[in-house]
Amino acid sequence: MHAATSVPLVSAEAPPGELRRALARAEARRKWRAFALTAPLLVFLLLTLLVPIVALLQRAVENPEVANALPRTVRALDGWNRKEAPAPAAYAAMATDLGQLPDSSDAGALARRLNTEIAGARSLVMGAFRALPITGTPEEIKARMLELDPRWGEAPYWQAIAKNGSRWTPDYLLASVDLRRDVAGEVERMPADQRAFAGILLRTFQISAVVTFFCLLLAYPLAWWLSTLPARKANVLMILVLVPFWTSILVRVAAWIVLLQSEGLVNRGLMGLGLIDQPLALLFNRTGVIIAMVHILLPFMILPLYSVMKSVPPTYLRAAVSLGSSPLAAFFRVYVPQTYPGIGAGALLVFILAIGYYVTPALLGGADDQMLSYYIARYTNVEINWGMACALGAVLLVATLVLYAVYRRIGKAELSLG
Amino acid sequence: MKKTLLACTVAASFALPAFAQQQLTVVNFGGANANAQKKAYYEPFEKTGTKIIPVEYNGEQAKIKAMVETKKVTWDVVEVESPDAARGCDEGLFEKLDYSKIGSKADFLPAAVTDCGVGLFVWSTVMAYNGEKLKTAPTSWADFWDVKKIPGKRGMRKGARYNLEFALMADGVKPADVYKVLGTKEGADRAFKKLTELKPNIQWWEAGAQPPQFLVAGDVVLTTVYNGRIDAANREGRDLKIYWPGGIYDLDYLVIPKGAPNKEASLKYIQFAMQPANQAVYAQNIAYGPTNTKALASLSPKILADLPTSSTNAKDALQFNVGFWADQGEALEKRFAAWATQ
């Protein structure tokens with residue numbers, strides 16, 4: 001913007017070409033300097049944001065276990081009708097493949113991968129791996145493996161192997177929206193008792209929307225009041241908003257447990273006033289989750305609203321009233337539209353933060369109040385099924401981006417209206 | 001002369017780490033259990049010259065997996081739950097143990113001896129109630145489901161594990177048959193159906209510290225709970241009672257992550273923790289059963305009465321089936337998530 005100051009002074013007699021070149025040089029220098037100044041941030045973002053996101057997306061479709069561990073078996077199953085137990089050659093290939101695994105951890109990885117596909121495959125594979133070496137003619141090997149575990153004669157286990165022969169799979173992503181591939185590779189819905197994640201994603205968005213709504217409802221009057229106060233008073237009150245903001249989430253969750261439990265302060269107070277006879281169920285259900293989340297996220301709504309409201313001149317409202325508008329109409333038609341950027345920024349911030357909530361619903365919610373992050377953590381830490389965890393993460397990421405795009409469109413429309 | 005001095009200083013500075021006190025990072029689950037381990041194992045072991053650095057975690061195997069995969073293992077000895085001990089061993093996360101350096105296998109409970117992990121203590125998931133508040137004590141798992149006989153909410157762990165077993169026992173399945181029934185499609189359906197009956201009366205807990213707190217606060221009348229948590233609350237003056245029959249007992253194991261830097265010292269620590277005298281001190285500090293059977297002899301009847309391994313308490317108990325949950329766990333937990341949404 002202030003490039004003119006760095007342009008070397010050129011005498012008026014100098015040819016115009018030289019001037020243009022000098023200007024271009026200065027412009028290029030300025031650009032490089034700006035780039036050099038932002039480069040550390042760009043590198044930082046690249047390393048801490050883009051690289052992990054790409055790795056996450058890659059893990060969600062990566063499927064190396066079966067292809068690495070059982071190359072011969074996958075080939076032997078080529079052309080199998082996928083209905084009854086495969087030919088003895090497949091058993092022989094399986095025995096050879098298991099025997100050639102470099103390390104027992106490869107067998108463990110294979111067993112884990114197949115077990116996510118069909119429950120029980122873990123003990124089946126590890127059982128065969130521990131019984132190695134299994135040798136002889138293909139018929140003998142088949143007989144030996146069936147004797148070891150009759151489940152080797154069941155088609156579903158072999159189907160899982162045949163299906164996962166390629167290095168990439170859409171299965172995790174399909175599973176994260178309650179779909180799966182059938183034996184023939186056609187996409188179909190999960191059976192009813194395994195249909196969970198679409199509902200959980202919907203629940204995640206519902207809870208976030210309700211939390212955003214209540215945050216706006218509570219924050220708007222407060223921010224408006226703060227913006228009308230003299231600076232000194234406003235600062236003192238702002239500290240009251242910020243103190244909880246700086247307190248650990250766990251501490252605040254624990255405090256809510258103390259307040260909301262059935263013999264807690266809130267229930268005792270209401271019963272003491274004679275408003276209720278039985279304690280209200282305020283904890284370990286949706287109510288508790290929403291109360292605590294609204295409290296935790298409130299500052300993220302107040303701060304953007306306050307900063308926008310500070311910049312709205314109070315004279316506009318007075319002008320509207322003096323021109324004959326009723327105070328209420330003036331507020332909604334003159335003041336509120338000017339705070340749309342604050343509402344938009346606050347709502348987006350609260351909503352996106354709420355989508356990722358995990359600890360608060362885990363501690364204050366019941367089994368049907370858990371949000372998607374809870375299951376991502378579960379698959380990461382408990383089931384150690386990182387493919388599934390990454391697929392759920394990818395779904396959450398995409399859903400958030402879509403939502404952001406929608407917000408941008410609506411936001412633009414509002415701006416053009418104004 | 002000056003040169004020699006310099007050489008000596010350099011040599012000394014290189015040799016210094018060898019003289020430094022050896023350290024072991026021992027990872028536990030925190031809380032009352034960590035305090036008992038500190039008294040029984042960490043403090044006495046430090047007198048042998050090795051400093052113990054205790055670290056708390058929440059059982060996240062992802063941390064161990066990440067350390068082993070990146071070959072930057074900073075944990076020496078880790079306490080893990082039984083499914084993780086078995087699975088981690090299969091998947092090569094843990095070192096195979098050399099029992100000649102740990103002790104005589106014959107002294108240990110059979111379930112405590114596995115390839116990669118040695119069982120440190122026995123704990124149990126049981127039914128508990130508040131003796132100060134509840135007049136009619138429960139006499140069966142069917143009572144846990146009977147909200148007419150004992151009105152009020154029930155606390156249960158958020159998840160499928162344990163709850164499906166309890167549901168089947170409440171439905172009349174004998175403890176010995178529970179896993180046989182649960183292994184079939186009809187059995188799993190039956191367990192979920194039974195759980196649905198109780199669904200409106202269940203208050204779910206996430207952390208082990210919550211159920212005793214629910215009982216004390218009067219939020220629930222009956223709850224499933226880890227038995228050591230009840231013991232810890234009673235040590236603080238509460239009168240919480242345990243109903244032992246049908247309890248599901250399990251072991252926690254000590255493992256050494258693959259590639260851990262101080263393997264020899266870690267084995268020495270494990271050997272120390274498996275000695276009967278030290279295990280007896282541990283059981284006196286928290287009501288979890290010793291895995292070295294010789295430790296039981298030195299414990300008083302009062303201590304024994306609260307241990308899951310004592311003969312009266314273990315009589316009608318069910319051993320947690322690690323193999324079953326390793327196979328079926330992921331599918332059942334997902335089904336539980338779907339069930340909760342309905």
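I start with a helix pair in chain A: the axes of H5(A) and H6(A) come within 7 Å and cross at roughly 150 degrees. Axes here are lines fitted to C-alpha atoms, for helices over the stretch in contact, and angles run from 0 to 180 degrees between N-to-C directions. H5(A) and H6(A) are therefore roughly antiparallel to each other. The cut-offs are under 35 degrees for roughly parallel, over 145 for roughly antiparallel, 65 to 115 for roughly perpendicular, and oblique for the rest. H5(A) passes H6(A) in a right-handed crossing; a crossing is right-handed if the near helix is turned clockwise from the far one by less than a right angle, and left-handed if anticlockwise.

Before going on, the conventions. This is a predicted model, where local features need pLDDT of at least 70, side-chain atom pairs count only at pLDDT 80 or more, and totals for chains, interfaces and linings use all residues. Residues are numbered from 1 along each chain as its sequence is written, while chains are lettered from A and ligands numbered from 1 in the order in which they are written. Helices (H or I, at least four residues) and strands (E, at least two) are DSSP runs, numbered from the N terminus.

Which residues make the H5(A) and H6(A) contact? From H5(A) they are A:Ala107, A:Leu110, A:Ala111, A:Arg112, A:Leu114, A:Asn115 and A:Glu117, and from H6(A) A:Ala121, A:Arg122, A:Val125, A:Met126 and A:Phe129. In contact means C-beta atoms, placed from the backbone, within 7 Å. By class there are eight nonpolar, one polar and three charged residues. Ala, Val, Leu, Ile, Met, Phe, Trp, Tyr, Cys and Pro count as nonpolar, Asp, Glu, Lys and Arg as charged, and the others, Gly among them, as polar.

H5(A) itself has 14 residues and reaches 20 Å from its first C-alpha to its last, close to the 20 Å expected, where the expected span is 1.5 Å times one less than the number of residues. Eleven of the 14 residues are buried, so H5(A) is largely enclosed by the rest of the structure. Buried means 20 or more other C-beta atoms within 10 Å of the residue's own, exposed means 12 or fewer, and partly exposed is in between, with C-beta atoms placed from the backbone.

Now the chain contact. 35 residues of chain A are in contact with 26 residues of chain B. On the chain A side, H5(A), H6(A), H10(A), H18(A) and H19(A) each supply at least two residues. H5(A) gives the most, with eight. That side divides into twelve nonpolar, 15 polar and eight charged residues.

H10(A) also packs on H14(A), at about 45 degrees with the axes 7 Å apart. The two are therefore oblique to each other, and their crossing is right-handed. That contact has 24 nonpolar residues, one polar and one charged.

In chain B, H4(B) and H15(B) pack at about 75 degrees, axes 9 Å apart, which makes H4(B) roughly perpendicular to H15(B). B:Ser82, B:Pro83, B:Ala86 and B:Arg87 of H4(B) meet B:Val322, B:Trp325, B:Ala326 and B:Gly329 of H15(B).

Last, chain B overall. There are 15 helices and ten strands, and the C-alpha trace spans about 95 × 40 × 40 Å along its principal axes. Buried residues make up 48% of its 342 residues.

Terms used: Two residues are in contact if their C-beta atoms, placed from the backbone, lie within 7 Å.
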